[in-house]
Amino acid sequence: MEELDIIAEQHPLELTGINHYQIIDDNNDIVPTYAARLAEPIIIRGAGHITVFALNNKFDEEYPQALNYKVSRDEYQETIKRINTLLRKNVPMNFKWLLFGCICCCCTFGLSLCPVLCLNKRSKNAVNEVLDWENARLYHKIGLHWHLAKQKCSNSTVQEYVLMIEFRPPLSLSHPD
């Protein structure tokens, strides 16, 4: 009996006390107010070799340990595979247009860079569409939300797009819509 292993279950939602107190009118009792604290979001950084306007051509496919007991590895890898397939197709084309735009920049007074900006915006919108579809299909049902976010790199002031997986609070059945 002395060698029992205790396995602590990890919950993304914990109750924490806040310094604010709420006074109940009936008995003038002071009751601490509790609020839900969600776990830190999971950040998936780009892992490719080509980056055009902060958008990388590939995201890291390694399964984050914080998603254990939430999402199966297969579902996670399927989502990352869809995003990476889309980026592998679009970002190299954006890079070619960027090179063409830089070569012709002097002759066109910078207007040759406009196609690159439009193509990069289209690539970001396509990734956001895939993430919205995946969220509606699976992740919102299990309390997760994926989105594309711009974040500073850890060792410089350069920004890059990352995939951010946020934990959402569970729906309360006691409150009406």
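This is a predicted model: local features need pLDDT of at least 70, side-chain atom pairs count only at pLDDT 80 or more; totals for chains, interfaces and linings use all residues.
Local features require pLDDT of at least 70 and side-chain atom pairs count only at pLDDT 80 or more, while totals for chains, interfaces and linings use all residues. Residues are numbered from 1 along each chain as its sequence is written, and side-chain values use heavy atoms, with hydrogens and water left out.

The protein contains three helices and seven strands. Helices (H or I, at least four residues) and strands (E, at least two) are DSSP runs, numbered from the N terminus. Their order along the sequence is β-β-β-β-β-α-α-α-β-β. Of the 177 residues, 27% are buried. Buried means under 20% relative accessible area, exposed over 50%, and partly exposed in between (1.4 Å probe, protein chains only).

The largest nonpolar core holds 29 residues. Such a core is a set of buried Ala, Val, Leu, Ile, Met, Phe, Trp, Tyr and Cys residues joined through side-chain atoms within 4.5 Å. Ile44, Tyr76, Ile83, Trp146, Leu148, Leu163 and Ile165 touch the most other members. Two or more residues each come from β3 (42–44), α1, α3 (114–137), β6 (144–152) and β7 (159–167). Helix α1 gives the largest share, six residues.

Threonine 79 also lies in helix α1 (residues 73–103). Its relative accessible area is 0%, so threonine 79 is buried. Its side chain makes a polar contact of 2.8 Å with that of tyrosine 139. A polar contact is a pair of N or O atoms within 3.5 Å; within protein, one must be able to donate a hydrogen and the other to accept it, and residues adjacent in sequence count only if both atoms are side-chain atoms. Beyond neighbours within four places in sequence, threonine 79 is in contact (heavy atoms within 4.5 Å) with Glu134, Tyr139 and Trp146.

Six salt bridges are present. A salt bridge places a side-chain nitrogen of Lys or Arg within 4 Å of a carboxyl oxygen of Asp or Glu. Arginine 82 and glutamate 134 form one, with the closest N and O atoms 2.3 Å apart. Arginine 82 is in helix α1 and glutamate 134 in helix α3, so the pair ties together parts 52 residues apart in sequence. Arginine 82 is partly exposed at 32%, whereas glutamate 134 is buried at 0% relative accessibility. Salt bridges with shared partners join Glu75, Glu78, Arg82, Glu134 and Arg137 into one network.

Glutamate 160 also bridges to arginine 45, with the closest N and O atoms 2.9 Å apart. This pair links strand β7 to the loop between β3 and β4 (51–52), 115 residues apart.
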